[in-house]
Amino acid sequence: MSFLRRRMVADSSKLRISNLSFEKEDDKKEQYKSPQRRSYSSKKWSCWDNCCWFIGVIGSVWWFLLFFYNAMPDSIPQYVTMAITGPLPDPPGVKLRKEGLTANHPVVLVPGIVTGGLELWEGRQCAEGLLGKRLWGGSFGEFYKRPLCWLEHISLDNETGFDPPGIRVRPVSGLVAADYFARGYFVWAVTIANLAHIGYEEKSLYMAAYDWRLSFQNTEVRDQSLSRIKSNIELLVATHGGKKVVVVPHSMGVQYFLHFMKWVETPAPRGGGGGSDWCARHIKAVMNIGAPFLGSPKSIALHFSIEVRDIANLRAQAPGFLDKDVFGLQTFKHLMRMFRTWDATFSMVPKGGETIWGGLDWSPEIDSFDDSTKKRKNNSTRNTGQNTKRHMCNTKGVNYGRLISFRKEWSEIHSSKFERADFKNVSKADEIANSSNCDIWLEYHEMGKKAIKAVADHKVYTAGSILDLLHYVAPKLMARGASHFSYGIADNLDDPKYEHYKYWSNPLETKLPNAPDMEIFSLYGVGLSTERGYIYKVATPSNCNIPFQIDTSVDGDSEDSCLKGGVFSGDGDETVPVISAGFMCAKGWRGKTRFNPSGIRTYIREYNHAPPANLLEGRGTQSASHVDLLGNFAVIEDVLRVAAGASGEDLGGDPLDSKLRSDDNDLVSLLHGFYSVNHLLVVFVGNLHVD
């Protein structure tokens with residue numbers, strides 16, 4: 001045993017010696033390691049590693065979601081919603097089919113601005129491989145891949161208003177032209193599906209696609225789009241036993257079809273040569289959805305600074321980012337250049353001047369606001385039994401007649417308490433940047449500091465002076481626009497000058513066709529905050545810079561003020577104010593008037609906004625938003641009933657009938673002379689929402 005103990009002690013001492021030798025060898029190896037390897041092995045996780053890791057995770061998640069989005073069937077969201085909330089209510093088509101309604105009159109759909117697809121038929125070298133593919137609509141894949149090339153092809157020529165040399169972009173044809181704007185974002189798809197439920201198919205449906213960038217008359221010059229609409233309507237009537245068509249225009253498509261109705265009865269070669277009774281023989285009803293009959297203030301902000309409320313808020317959250325040359329894209333400047341080449345956008349500039357939109361010290365909404373809101377608190381024209389709270393805001397200090405104001409104080413105080421400088425005669429000679437030094441065509445580069453200051457010193461602009469402002473800051477742009485569109489009120493519609501096509505899309509400067517049996521509807525949304533005016537500031541001058549911006553720092557004096565983020569809001573569908581959508585059918589065309597000499601019956605149908613009950617409902621079935629109206633079940637039901645043969649009276653008329661019968665004589669005198677305009681508009685706005 002003593003031998004074993006001595007052996008174990010000896011072994012343990014040897015083990016300690018061997019361990020020490022290994023440690024010495026490790027120390028020697030560590031000494032021979034390069035400094036770089038030693039620092040690498042002891043390096044800590046840095047901020048740069050965090051950034052790279054974060055970008056990698058975001059990129060991986062993005063590509064996974066993109067793959068899932070493209071692989072997911074369109075019906076999956078519906079199945080998920082049904083699994084959580086239970087069975088959905090029958091869509092209008094299914095409901096009406098159970099009632100026995102079937103397809104009757106052929107239907108023509110007229111899309112609005114930006115909602116129709118555009119495809120490439122000839123392009124520059126940078127667009128190789130895109131022949132016949134969509135540049136606008138669908139996935140917008142080419143925009144992400146080659147943005148500058150995409151912008152070059154989607155823009156029109158600044159001088160001619162047509163495609164630039166070597167480029168041919170044309171509208172997509174068929175129902176797919178405007179069924180979806182992008183994957184998952186419907187435009188006409190829901191309406192088409194419900195029409196199919198009661199028996200419609202492609203031979204009884206026609207999508208009147210056109211290039212929405214061109215001026216209305218130029219769609220005929222280049223593509224013969226107006227002639228195609230005429231031929232297709234005649235074919236539909238002939239193949240359906242003489243049954244007239246029901247036309248359903250949306251947004252700017254309303255103005256486009258108004259232009260068409262005047263064009264088709266005008267003798268060739270200036271028009272379609274269909275004769276004065278063409279509309280009477282071919283059209284049963286025109287059901288205008290979200291109709292900007294008298295324009296939209298949004299158009300002013302877009303032409304002036306390429307901003308609306310959402311864009312201005314985005315700019316405020318990321319100051320300077322969208323103005324800088326990020327990855328070769330000067331975002332705002334490129335957007336303005338593109339937008340200003342689209343001549344059709346001029347059709348959306350407010351029409352009727354101060355007579356319709358208000359002046360320096362009055363506006364129709366404010367004068368009748370207190371009385372009308374009392375009547376409207378519990379009103380729900382179409383969406384009864386739902387959560388349909390109307391948009392209400394505090395109008396203290398608000399004057400909607402001032403469409404643009406520089407500084408909040410000039411938007412509030414009475415016009416007698418301040419002076420306005422005349423900007424029209426101020427020279428633009430002291431240019432801050434010559435347009436030849438900037439690769440983006442903007443007429444602002446021809447304006448000097450004095451000219452910019454003069455615009456701001458004018459302080460406020462109404463619908464009567466806004467055209468002077470645009471002519472001053474962009475004379476070439478407005479010269480092209482003024483050759484295709486007009487914005488006044490006709491004194492004498494028998495004057496030969498109103499035979500020019502530039503007046504045909506303005507309902508205040510043209511007559512409705514001689515079609516006493518035809519019906520015209522205005523179906524529009526209410527209860528949503530809709531842009532009505534703006535407060536601007538002068539931006540810091542620099543090369544290739546837009547000198548004017550919406551002042552998002554300005555808010556009203558109360559939390560519920562109609563002034564938020566430099567934008568005055570009123571009632572409407574988020575894009576078109578009520579006064580633009582409802583005035584013509586409520587007053588201007590009501591009965592036999594100088595604008596409606598044959599007495600075409602007109603109806604208004606309001607749809608109160610009801611938000612979706614949960615996120616799974618998507619955009620909802622009772623939304624009154626401008627585009628979402630095309631998926632509103634109440635709107636679709638009205639369209640289907642008229643297409644199946646119903647009249648406006650069958651739908652219940654509209655809430656104005658009883659009121660107007662009591663003062664028809666007074667109304668006629670008001671319309672013929674536009675006397676006592678303030679009273680006219682007060683009656684209009686006050687009565688527009690009565691059930």
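A residue is called buried here when its relative accessible area is under 20%, and in this predicted model both Trp 410 and Phe 418 are buried by that criterion. A pair of aromatic rings is described by the distance of the centres and the angle of the planes. For Trp 410 and Phe 418 the ring centres are 5.4 Å apart and the planes stand at 50 degrees, so this pair is tilted.

Trp 504, with 1% relative accessibility, counts as buried, whereas Tyr 501, at 25%, counts as partly exposed.

In total, the count of aromatic pairs comes to 27. One aromatic cluster brings together Phe 304, Phe 406, Phe 423, Tyr 444, Tyr 461, Tyr 472, Tyr 534, Tyr 536 and Phe 548. Over the face of Tyr 444, a member of this cluster, lies Arg 340, at 5.0 Å from the ring centre.

Turning to the helices, the axes of α9 (residues 216-223) and α11 (residues 252-265) come within 9 Å and cross at roughly 70 degrees; because angles of 65 to 115 degrees count as roughly perpendicular, that is how α9 and α11 are oriented to each other. On the α9 side the contact is made by Phe 216, Gln 217, Thr 219 and Glu 220, and on the α11 side by Met 252, Gln 255, Tyr 256, His 259 and Trp 263. Sorted by class, the residues of this contact are four nonpolar, four polar and one charged.

Conventions
Residues are numbered from 1 along each chain as its sequence is written. This is a predicted model: local features need pLDDT of at least 70, side-chain atom pairs count only at pLDDT 80 or more; totals for chains, interfaces and linings use all residues. Side-chain values use heavy atoms; hydrogens and water are left out. Axes are lines fitted to C-alpha atoms, for helices over the stretch in contact, and angles run from 0 to 180 degrees between N-to-C directions. Helices (H or I, at least four residues) and strands (E, at least two) are DSSP runs, numbered from the N terminus. Angles under 35 degrees count as roughly parallel, over 145 as roughly antiparallel, 65 to 115 as roughly perpendicular and the rest as oblique. Contact means heavy atoms within 4.5 Å. Ala, Val, Leu, Ile, Met, Phe, Trp, Tyr, Cys and Pro count as nonpolar, Asp, Glu, Lys and Arg as charged, and the others, Gly among them, as polar. Rings of Phe, Tyr and Trp (its six-membered ring) pair if their centres lie within 6.5 Å; planes under 30 degrees apart count as stacked, over 60 as edge-to-face and the rest as tilted. Buried means under 20% relative accessible area, exposed over 50%, partly exposed in between (1.4 Å probe, protein chains only). A charge sits over a ring if NZ of Lys or CZ of Arg is within 6 Å of the ring centre and within 35 degrees of the ring normal.
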